[in-house]
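Please read them with the structure open.

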Amino acid sequence: MSWDAIDSLLPVAIVLSSLLPGVFIFLVDEENHLLRTVLNLLGAVLKLALVGLLIWGVWLGQPIETRIDIAPGLTLVLSADALSVLFVTLSSVLWLITTVYAIGYLEHSPNRSRFFGFFSLCVSATVGIALAGNLITFVIFYELLTLATYPLVAHRGTPEATRGANIYLAYTLSGGLLLLVGAVWLRTLIGPVDFTVGGVLSGLPASMHGQLVAIFALLLAGLGVKAALVPLHGWLPQSMVAPAPVSSLLHAVAVVKAGAFGIVRVVYDVYGVELAYQLGLLGALGLLASFTIVYGSVMALAQDGLKARLAYSTVSQVSYIALGASLLGPVATIGGMVHLVHQGIMKITLFFCAGNYAETLGVHKVSQMDGVGRRMPLTTLAFTVGALGMIGIPPIAGFVSKWYLGLGGVTSGQYWVLLVLAASTLLNAGYFLPILYRAWFRPAPAEWPKEHHFGTRFETMGALLWPPVVTAVLCLLAGLLASAPFSPLEWAQLIAEREYGL
Amino acid sequence: MPEPAMTAPLVLCIVLPLLGALFATALPGRAVAVGIVTALVTAAAAVALTLAVWEQGTLHLVLGGWEPALAIALRADGIATALVLMANLVALGISVYASGYFQDAIRIRSFWPLWLLLWAALNGLFLAGDLFNLYVMLELLGISAAALGALTGNREAIAANLRYLLVGLLGSITYLLGVAFLYTAHGSLDIGILAAAIAANEQLFAVDAAAMTLMISGLALKAALFPLHFWLPPAHANAPAPVSAALSALVVKAAFYLILRLWLDVFAPVTGMAAAMLLALLGSAAVLWGSWRALRAARLKLLAAYSTVAQIGYLFLFLPLLVATPEGPARDNLLAALLLMAVTHGFAKAGFFLAAGLVQTNAGHDRIDELGGTAQRLPATTFAIALAGSALIGLPPSGSFIGKWLLMQQAIATGQWWWVVVILAGTALAAAYVFRVLSRAFGLEPTPLRFITDPRAEVPALVLALVSVAVLGLASGPLWTLLGLSGADA
């Protein structure tokens with residue numbers, strides 16, 4: 001087989017590497033752990049290998065594209081550029097880690113085939129979003145992600161889970177409809193909307209600018225729901241009823257990132273950052289993102305539930321990406337892009353740890369966390385790395401993001417960005433440091449709310465312990481080795497160079 | 001004159017189920033076997049017909065050797081063939097499902113002859129080339145459908161289907177009156193000849209317009225266009241599940257097909273924006289009202305029936321856009337999208353009703369609020385409802401997603417943006433009523449160890465639903481080819 005043929009099949013193979021195992025997992029008998037685990041891990045490892053090929057191809061600058069006509073004039077395009085590689089790699093790596101975690105987490109609970117089936121579909125939809133080469137493909141996978149996530153949020157089957165899932169669905173489907181209208185409208189104006197570096201709309205006459213602003217509002221409303229921009233964020237705290245692996249992967253990475261990634265795509269590869277700036281769209285986006293950053297942090301301060309606090313923290317942190325996209329200039333772009341990865345690995349660490357506290361000790365609230373550091377030192381160490389990274393303490397990944405965002409604000413003359421970042425950092429410290437203080441320095445209670453002993457020599461089951469430790473190490477590496485080749489920062493710089501034609 | 005081998009499927013599609021109906025009546029003890037064999041060969045004939053039209057384009061056949069003006073003419077163009085293929089594949093699925101559905105001998109003996117008769121009438125209607133022949137098939141279809149619908153045997157079913165029968169008769173008589181007008185004015189019943197005569201005689205505009213009004217109103221009653229939909233929900237909701245599937249997916253579609261045929265072929269010179277707007281306005285009301293009632297429905301099958309009212313409404317939204325769009329790729333896309341929506345709804349709604357029937361037999365009722373446990377006991381069936389449901393909503397990938405995309409695109413392009421608002425509202429309501437059902441499937445009740453528990457009942461529903469999503473949603477290009485449309489980038 002020639003290299004060209006491989007290049008044209010690679011994107012579709014990456015989507016199928018989780019889609020097909022997912023379909024088979026539905027058919028696996030509930031008690032057949034072995035087959036299900038093999039299918040899960042096989043898909044995850046195969047996907048990683050394919051992504052490795054993809055990174056290599058994009059690095060060399062080869063065109064990698066699959067085109068499938070679903071109807072005359074409507075084409076499903078899966079292609080890979082530097083930006084998609086960033087998101088694909090993030091989701092594929094974290095999928096493998098989360099699959100291990102989920103296998104441990106869900107042991108002995110019912111409906112595992114259903115869970116892992118939909119879990120695989122979610123990841124397929126996420127990489128589909130990452131690889132979407134035009135707007136209709138993006139819309140299709142964006143909706144698929146909504147549908148595949150719904151059963152996972154509802155998974156526990158309690159009335160609260162059903163309620164949370166329905167709220168999630170109401171928000172995301174309404175957003176999806178607005179996105180759809182925006183996409184159709186744009187398609188009517190200019191024909192097929194292929195994502196192109198530098199945007200595709202700059203040649204349109206000024207008389208159309210009114211329509212372009214309206215379309216941007218529709219697209220942003222649709223994407224803002226998943227990216228949890230205030231006031232469209234209401235579903236995120238509600239869907240924390242989902243099992244921990246779902247909160248970790250989907251609500252830290254896949255779903256919210258799909259929204260943020262979409263905003264980045266629309267700003268850079270549909271409108272083009274120059275045109276978006278001229279139309280005043282960047283200013284509006286920056287305002288919305290800044291407000292969300294501060295609001296999410298303030299809300300997080302008030303939460304006693306650990307997952308709820310993390311959820312509001314997500315609301316705040318994901319908007320850093322939108323903030324980066326809203327500032328004109330390559331430095332801010334680097335900050336936003338790199339945060340796409342950094343926020344993902346830091347937040348997934350925190351959610352894994354929250355799941356471990358709940359499963360091992362029955363601890364769900366911040367006020368119950370006194371002394372957990374001594375009972376579960378490795379988990380708490382991982383949690384500490386994630387939390388300090390979120391605050392932006394060097395040398396953890398989050399520092400790099402904030403540094404570039406701040407620098408980007410200064411170089412584009414928008415000094416207020418520094419204020420937003422400073423306020424957010426103070427608030428981050430305000431809601432994370434008390435947790436760390438309780439965990440490490442307060443005495444442990446005589447009895448934990450609901451303690452499980454897994455019979456291992458570690459503090460909890462191995463499948464639960466190692467995933468957060470691994471992701472915490474990744475957070476450190478991403479910060480320490482930020483200028484090594486193929487680091488997230490290096491890759492974000494590559495994207496910024498290509499977008500600005502440097 | 002085309003090759004007999006090419007036109008043979010045209011005749012076979014109608015004759016085979018008719019023969020099957022005769023055999024099923026003559027051999028009541030073997031009705032199921034006769035039915036299944038007939039279903040297989042008829043579906044094969046439909047596939048052969050599709051291949052013939054795919055290669056040759058439109059097929060014509062005149063029976064009985066009379067002059068074309070009066071003869072029984074059969075005709076298969078792209079639109080008819082697309083619907084025949086959909087109807088026969090769906091009918092095959094329904095037949096497999098029905099072979100296990102009916103348990104007592106009396107029902108089995110009544111179901112198969114009537115069902116095969118309905119099938120023959122359906123194919124006859126799609127393939128008829130003259131207006132009187134169409135009328136005969138329409139009557140046959142209405143009577144066999146009402147008889148089938150009453151097979152449940154309870155009071156509500158009989159009352160609902162008696163009303164269905166009378167409404168159907170009223171509809172076909174109104175249609176026949178219009179046909180009489182046309183015959184008096186132009187002296188022919190052949191669709192092609194009439195179309196030419198109507199285009200040529202502009203002084204007969206008033207007669208033609210009156211005939212059109214009569215014929216389309218009669219058919220709108222049969223197609224259950226709002227506000228003439230009142231008979232549909234009770235009739236479809238109370239019929240046995242395979243019959244509900246056939247009524248909702250196919251029979252209503254046949255009436256719509258006739259409206260479309262008249263609109264495009266016969267009355268093209270008479271139709272105008274005013275008539276199209278009126279029909280689309282009624283269609284919008286159907287979309288909103290039908291979806292709203294589906295959301296409020298207490299029972300699963302009633303929900304599905306109201307959803308049919310809404311889905312038929314979408315098809316009427318295309319008419320003003322067809323009028324406003326000049327010949328060319330954009331109009332081609334629009335026409336193909338219309339057919340795609342109709343065909344997708346056929347597969348999806350049949351799958352939905354078959355699955356709902358299984359839920360009903362399993363639970364002993366179909367009250368949505370109490371279905372949690374059953375939905376979880378039957379994962380494959382719930383999955384079929386989910387797939388069919390996403391096609392009804394118009395979520396990607398499904399044929400109706402592409403259909404709605406092209407519909408909205410053309411609505412924006414022609415400046416008729418208000419239909420976009422209707423589509424959005426209808427889609428949101430559809431999502432609400434589908435997920436009202438699906439949200440019951442994730443409760444705390446125990447679930448079985450296996451995905452599929454009853455293959456003969458679950459596989460047809462699953463396959464039909466899957467076609468509406470995966471096949472029509474990911475590879476709808478062949479439909480354009482079958483319709484003979486180019487549909488380049490619009």
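Predicted model: local features only at pLDDT ≥ 70, side-chain atom pairs only at ≥ 80, totals over all residues.

How many bridges join S1(A) to S2(A), and do they run parallel or antiparallel?

1. The chain A strand pair. S1(A) and S2(A) run antiparallel, and six bridges join them. One pairing to look up is A:Asp69, whose bridge partner in S2(A) is A:Thr75.

2. The turn between them. S1(A) and S2(A) form a hairpin. Two residues lie between the strands. Look at A:Gly73 in that turn: its phi is positive, about 90°.

3. Cover over S2(A). Why call strand S2 (residues 74-79) of chain A largely enclosed by the rest of the structure? Because five of its six residues are buried. A residue counts as buried here when 20 or more other C-beta atoms lie within 10 Å of its own.

4. The A–B interface. Chain A puts 37 residues in contact with 35 residues of chain B. H6(A) gives the largest share, 12 residues. By residue class, this side of chain A has 21 nonpolar, 10 polar and six charged residues.

5. Two domains in chain B. Chain B is divided into domain 1 (1-271) and domain 2 (274-490). Their C-alpha centres lie 22 Å apart. Across the boundary, 38 residues of domain 1 are in contact with 43 residues of domain 2.

6. The domain 1 face. Which helices of chain B each supply at least two residues to the side of domain 1 that touches domain 2? They are H2 (31-56), H3 (78-101), H9 (232-238) and H10 (241-266). H3(B) brings the largest share, 14 residues. This side of domain 1 divides into 27 nonpolar residues, 10 polar and one charged.

7. Helix H10(B). This helix is one of those on the domain 1 face. H10(B) has 26 residues and reaches 36 Å from its first C-alpha to its last. That is close to the 38 Å expected at 1.5 Å a residue. Still, H10(B) bends by about 35° at B:Leu247. The helix is mostly covered, with 24 of its 26 residues buried.

8. The chain B strand pair. Strand S1 (residues 59-63) of chain B pairs with S2(B) in the antiparallel sense, over five bridges. B:Leu63 has B:Ile72 as its bridge partner in S2(B). Strand S2 (residues 72-76) of chain B is mostly covered: four of its five residues are buried.

9. B:Thr38 has 24 other C-beta atoms within 10 Å, and the cut-off for buried is 20 or more. B:Thr38 is therefore buried.

10. Who surrounds B:Thr38. Set aside its neighbours within four places in sequence. B:Thr38 is then in contact with B:Leu16, B:Pro17, B:Gly20 and B:Leu116. For B:Ala21, the C-alpha to C-alpha distance from B:Thr38 is 8.6 Å, with the two residues 17 apart in sequence.

Note on methods: Residues numbered from 1 in each chain as written. Chains lettered and ligands numbered in written order. Contact = placed C-beta atoms within 7 Å. Nonpolar A, V, L, I, M, F, W, Y, C, P; charged D, E, K, R; others polar. Domains from an automatic or database assignment. Expected span 1.5 Å × (residues − 1). Bend = angle between axes of the 7 residues up to and from the residue. Buried ≥ 20, exposed ≤ 12 C-beta atoms within 10 Å, placed from the backbone. Pairing = 2+ DSSP bridges.
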